[in-house]
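Reader: Hi! Could you walk me through this one? I'd like to start with the overall fold.

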Amino acid sequence: MKNLITLIFVALLSACASQAQFGNFTKTNGQQREFSTVLATESVAQLHSSYAPASTTFSLIHPAKDEYGQQLIQQLRDKGFAVAEFGTGSTGQPLSYVVDYVGDNAILVTLRVGQSVTARMFDTKNNRLTATGSWSRLE
């Protein structure tokens, strides 16, 4: 219950921020690279459940130079989505993400498509990545 309340609170804060920073704010060590791949896979599965490939274009509103962002772009394209990277002037669905630590042993992934915000918390105890609940969607 505590994790759910924290998730909702953090998601609400990120939804309210008009000029928030976007990107991946976690460490870039070897373990985190593995986590980024898993987090991107989970994120793409969530987006795939809400948007139709081949008829949806996502347009990143910030550079995706980190491991998670690169994995996200590649996996979205592999699933059949068109993805316009930052600065290309595309008119697709605006997409942004924040991957950041929440406490010592948790990572929160927040995806924003247009005005819709989806978030999920992951536990990192014992160097293992485990989802602590379902995706939460705020509109």
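Reader: How many helices and strands does the chain have?
Author: The chain has three helices and eight strands. Keep in mind that this is a predicted model.

Reader: And what pattern does the chain follow along the sequence?
Author: Reading along the sequence, you get α-β-α-β-α-β-β-β-β-β-β.

Reader: Since it's a prediction, what pLDDT does the chain average?
Author: The average is 85, and 82% of the residues score at least 70.

Reader: Where is confidence lowest, and where is it highest?
Author: Helix α1, residues 2-16, has the lowest confidence, with a mean pLDDT of 54. The highest is in β6, at 96.

Reader: Which residues stay under 50?
Author: That would be residues 15-19. The model has four contacts for that stretch beyond four places in sequence. Where pLDDT is low, the predicted coordinates should not be read in detail.

Reader: What about contacts between residues at least 24 apart?
Author: Take the contacts between residues at least 6 apart in sequence: 60% of them join residues at least 24 apart.

Reader: Can we switch to cavities? How many are there of 30 Å³ or more?
Author: The count comes to one cavity of 30 Å³ or more. The volume of the largest cavity is about 60 Å³.

Reader: Which residues line the largest cavity?
Author: Its lining is made of Gln46, Leu47, Ser50, Tyr51, Leu111, Val113, Ser116, Thr118 and Arg137. By type, the lining residues divide into four nonpolar, four polar and one charged.

Reader: While we're on helices, where does Ser36 sit?
Author: Ser36 is in helix α2.

Reader: Is Ser36 buried or exposed?
Author: Ser36 counts as buried because its relative accessible area is 1%, and the cut-off for buried is under 20%.

Reader: Which residues is Ser36 in contact with, leaving aside neighbours within four places in sequence?
Author: Ser36 is in contact with Asn24, Glu67 and Tyr68.

How values were computed. Residues are numbered from 1 along each chain as its sequence is written. This is a predicted model: local features need pLDDT of at least 70, side-chain atom pairs count only at pLDDT 80 or more; totals for chains, interfaces and linings use all residues. Side-chain values use heavy atoms; hydrogens and water are left out. Helices (H or I, at least four residues) and strands (E, at least two) are DSSP runs, numbered from the N terminus. Contact means heavy atoms within 4.5 Å. On a 1 Å grid over the protein atoms alone, a cavity is a set of points where a 1.4 Å probe fits but cannot get out, and a pocket is an open set with protein on both sides within 12 Å along at least five of seven lines; lining residues have an atom within 4 Å of a point. Grid points are joined across faces, edges and corners, and a volume is the space filled by probe spheres set on the points. Ala, Val, Leu, Ile, Met, Phe, Trp, Tyr, Cys and Pro count as nonpolar, Asp, Glu, Lys and Arg as charged, and the others, Gly among them, as polar. pLDDT is the predictor's confidence in each residue, from 0 to 100. Buried means under 20% relative accessible area, exposed over 50%, partly exposed in between (1.4 Å probe, protein chains only).
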